[in-house]
Amino acid sequence: MKVVLLRHIQQKDNHTFTVEWSDGKTRDYRLSDVQRHCPCAKCCSEKVLTVEEGVRANRIVSVGRYAMRIEFTSGCSAGIYDYEMLRKL
């Protein structure tokens, strides 16, 4: 199985970021959609995760060479989004 890495990330607008993957594919990600898949313990324990469409990111930081952590304006910042999971969204 070939490992696909994140080559470049860019903010598209206040609610969307674009990722260019090492295999040349490019994809836009809406922050609200990404947060709905938050893997942190708090978000996973909620029966229905309610996310406002207008959620924004205060900051997106790299976690090693395999993931990113997003500090959402909604207050959640504990989820680590590995690149494999992002590719599947």
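Here are a few exercises on the predicted model above, each with a worked solution.

Some ground rules before you start: residues are numbered from 1 along each chain as its sequence is written, and side-chain values use heavy atoms, with hydrogens and water left out. Since this is a predicted model, local features need pLDDT of at least 70 and side-chain atom pairs count only at pLDDT 80 or more, while totals for chains, interfaces and linings use all residues.

**Exercise 1. Find Thr16 in the structure and work out whether Thr16 is buried or exposed.**

Step 1: Locate the residue. Thr16 lies in strand E2, residues 16-21. Strands (E, at least two residues) and helices (H or I, at least four) are DSSP runs, numbered from the N terminus.

Step 2: Apply the cut-offs. Buried means under 20% relative accessible area, exposed over 50%, and partly exposed in between (1.4 Å probe, protein chains only). Thr16 is buried because its relative accessibility is 11%.

Step 3: List the neighbours. Leaving aside residues up to four places away in sequence, Thr16 touches Gln11, Asp28, Tyr29, Arg30 and Leu31. Contact here means heavy atoms within 4.5 Å.

**Exercise 2. Describe how E2 pairs with strand E1.**

Step 1: Recall the rule: two strands pair if DSSP finds at least two bridges between them.

Step 2: Count the bridges. E1 (residues 6-13) and E2 run antiparallel, with six bridges.

Step 3: Gln11 has Phe17 of E2 as its bridge partner, and a hairpin of two residues joins E1 to E2.

**Exercise 3. Trace the pairing from E4 through E5 to E6.**

Step 1: Begin with E4 (residues 57-63) and E5 (residues 67-72), an antiparallel pair with six bridges.

Step 2: Look at the hairpin. Three residues sit between E4 and E5, and Gly64 takes a positive phi near 60 degrees.

Step 3: Move on to E6 (residues 80-82), which pairs with E5 in the antiparallel sense over three bridges. Here, Arg69 has Ile80 of E6 as its bridge partner.
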